[in-house]
Amino acid sequence: MATTKAKKKQPNVENKIILQKIVNHSDFTADEYYVIDIEQFSQQKRLFDYQQKAIENAIKALYLFYEQDEGSKENFFERFVYTGLDSETSVEITNEKIAKLLEDFDFEIEDEYLPLSQIINRMSFWMATGSGKTLIIVKLIELLGKLMKNGLIPTKDIMFLTHRDDLLHQFKMHVEEFNQLRDINERINLYDLRGDYEKSKVGLFRDQGINVYYYRSDLLSDEGKDKIVDFRSYDNNGNWYLILDEAHKGDRGDSKRQAIYTILSRNGFMFNFSATFTDPVDYITCVYNFNLAQFIKSEYGKHIFVSKQDISNLGRKDALLEYEKQKILLKIFVLLSAINKHYEKIKQVDQNLYHKPLLLTLVNSVSTEDSDLELFFREISKIANGNFDKSLLEIAKNELVEDVNNESSKLEFEDIYLPNKEILTENIKLITEKDILYQVFNAESFGRIEVIKIPSNNQELVFKLTTSDRPFSLMKIGDISKWIKEKLDGYEIIETYDNESIFKNLNQDQDINILMGSRAFYEGWDSNRPNIVLFINIGKGTDAKKFVLQSIGRGVRIQPLPNKRGRLAKLYNKGEVDNELMKKIQKHVAPLETLFVYGTKADNLQEIVNTLRQESEDVESLGNLFEINPKIFDKVLLVPTYKESNLMLIEKEDMISKYPVSQQDYEMITAYLRELDDRILVWKYDVDPLVLKRLKENDLLYIDNSVKTINNPDMLLQNIFSYFSTKFKEFEDFRELDRDNDIIHFRNISITKSKLNSIKEKIESVKKFKDKEKEMQILIEKFKKDEIEAEEFRKRFEVLNNIKQEEEVDDLIIKNLQKHYYIPIIISEEEKIDYIEHIIKVPSEREFLQDLEKNSSVFDKYDWWYFSKLDETLDKIYIPYYDSHLKRIREFKPDFIFWPKKGDKYVILFIDPHGTEHTEALRKINGYRKIFEDENGNPKIFNKDGLEIKVIFRFYNKKTTVEGYQKYFIRGIRDLESIL
């Protein structure tokens, strides 16, 4: 679509990500929309946490649109207005033909503006290249299919569009993998839009599984010819769930195809996936942002090191610059050799760890006279043949060390230097000619380059030295025939007997060290191997930015262990790498976990840097400014752990409730259960025989005509069996708090850059309050001993005296609470604040903290006590409970946890300053009671390591009490005196 404009001037509206804020900040539960297992994809694959989060956000947005807003675009648009969007935000349509096309389908355009409210039925996913968005797309299709079958969203057709055949093929492969675990009613059935649309509507099995129509997005138009189809033939009255994967590729802003997508989904919903959005509407409706910046910050991808050194001469045609070109290329070859040395060290520990490093070279021109690719190839040939100034090697190494150690060479997005860079620089200093021959050219001596051609492959050329039997480089371009004829005259060309594509097997091929070409392969391929990306004469402009982002995105994938994505430290903190392995390889991994980026022109290099930084411009992380309170380091902070019970819901008569169905479904299911043999039911639905037996013996279904009729026996039985087969969680043990995983929300506190002001300085200042008294005492002692002059004492004492326990920035309070788990904390005076995440801003939580500060003496009888805020979205501490309304086990995460200890008496105290919704509050209390209280309602005493431990839970609420549950509600901190 075109550029978004507000008729009333609305600054920066184009860059606002609003839908994600709406789903994150809305106070609602959409649990009935959780109709799929959002983690499992196939036998081999599970969705990573960020992929699951994308699906969760989609669930919440669909719930808001279809359940709360009843499918009304106007109501949905109001949510955007309430969250900061100008109510008159519109899309500019300057092309008369496109305006006429939209108006033909009842869109109202006035003065070349289409109100955004007419096209708000959409959500976009800003997903980094390499983040696995195809898996999310397939799971989204599963979600839509299940929601439709359960009657929760309207029944409409699903269409998937992407812009290239290889991406369609990739999508089909993922669907095929997904289907392997599913029965016929859960599988995704793919139909070619042009060839199968009509016949799929009348097929015998049209109601089995989830039907999805696919086509090339660039082959949809407003007229039909050859493979191009007229979208009107498949308009379906605009009742499509339309899924677009990079479908904007090649479009201008004012695009006919974008208008067609809008028309096709006008009475349905549009889902748009991309790594590089350009349309402001996609920013506004972005439901999940996990772009390149977020991907790197979350440690799923490699560090990004953008070289500060000028290598512009490598991209110039001047023959007089040969000395400079050779030095630059030697510098890159030295770096590749040094990274390989790290790889070899790791390989000695385990052959399956990490990847063989690769140099990826991307050029602007390929087949023209003196093209970038040709000039690059010539310089490689000279070095391979030993035809270079040998004194250049030491100069190249020195410049490379200087680059790595440069004070301004911080990693992009992370504001840190390359970890363990001293080890890398030492390896760089030790690199010899012999190392370059071995690590880059797979040879022991210099030699001429030979060319290997693969039969029936007109895109790939392989290169090796005459002194080696192993290739070292692969060229992939649009057509190699011209290159062979015009660029490789005088080179020996050998045709191999093997017809296998080298490029397709690049991950397994340990020989290829250099991959070079143009834009032919910057997307649509998957490799962990690139550690160096070299851009030669890549221009500027929007297309160049996209190209840079996509190609860097292809280089940041990391997989330290087979099938484990993310950096080694991240995997270690998740318990997926053992301590012994971590100790052996940790100091060697940084270069393999880094993508080194080089560009040939200073302004182009700046373009790359600016493009990368724009990705994270909106939000600044504050997480590294907070620290765990040093006073707790010698304290044992315990948290409960749970395990799955052997008992199923159907075995717990005190908790079991009947399953509601409509009259029609009741009659259908009872007949189904009566007539089908038990063995068939057990086999078909994988149901526990005990569940089936008790379900048949007892009337555990009841008629509720307010429940929607499903009219699908397979789905209904699966839901019923799943409900009665629910297994509870029971207490397992206590363990020490895991500082890396249990309470982590403070590491994710972030703020929009426009609001940064002096907040960093204030946080640092308040943090120092913990040492104020000690530092003052040290200073006084020094003055008494005449170790410092009076004037210096006065100045330093004044600085210390000015350190406050509390500072204010705008409407934020930064406070050092000496008993809190981390310091400082940030409290907002405004609940609806949206420019800072993961702080304390709910009024009841603020009120509770104020009460605690005034009345903390209730804990004076203990030897020590500490407490922490908990964030339900990120932290891992919880109490399990059974939600009879939603028919599943849920995790209740109270807002605060306390640890008071006196002698061998130890308490884990949970406080939640909410609890206003009676039935939900009672379910949470019941979950706590069943695990942590005895039959008399007293806290159980657990013995562990010489401690007597009790777990206590209370709601903090000055207004609410519930008959029979009064003791679980406190009105003030003083009420704890009789409990603790």
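**Exercise 1.** Which residues does S371 touch, not counting residues up to four places away in sequence?

*Solution.* The model is a predicted one, in which local features need pLDDT of at least 70, side-chain atom pairs count only at pLDDT 80 or more, and totals for chains, interfaces and linings use all residues. Residues are numbered from 1 along each chain as its sequence is written, and side-chain values use heavy atoms, with hydrogens and water left out.

Step 1. Locate S371: it lies in the loop between β14 (358–363) and α12 (372–384). Helices (H or I, at least four residues) and strands (E, at least two) are DSSP runs, numbered from the N terminus.

Step 2. Apply the contact criterion, heavy atoms within 4.5 Å. S371 then touches S365 and V366.

Step 3. Consider burial (under 20% relative accessible area, 1.4 Å probe, protein chains only). S371 is buried, with a relative accessible area of 0%.

**Exercise 2.** Describe how helices α5 and α6 cross.

*Solution.* Step 1. The axes of α5 (residues 133–149) and α6 (residues 165–179) come within 10 Å and cross at roughly 55°. Axes are lines fitted to C-alpha atoms over the stretch in contact, and angles run from 0 to 180 degrees between N-to-C directions.

Step 2. Angles under 35 degrees count as roughly parallel, over 145 as roughly antiparallel, 65 to 115 as roughly perpendicular and the rest as oblique; α5 and α6 are therefore oblique to each other.

Step 3. Name the residues in contact: T134, L135, I137, V138, K139, I141 and E142 of α5 meet Q170, F171, H174, V175 and F178 of α6.

Terms used. Buried means under 20% relative accessible area, exposed over 50%, partly exposed in between (1.4 Å probe, protein chains only).
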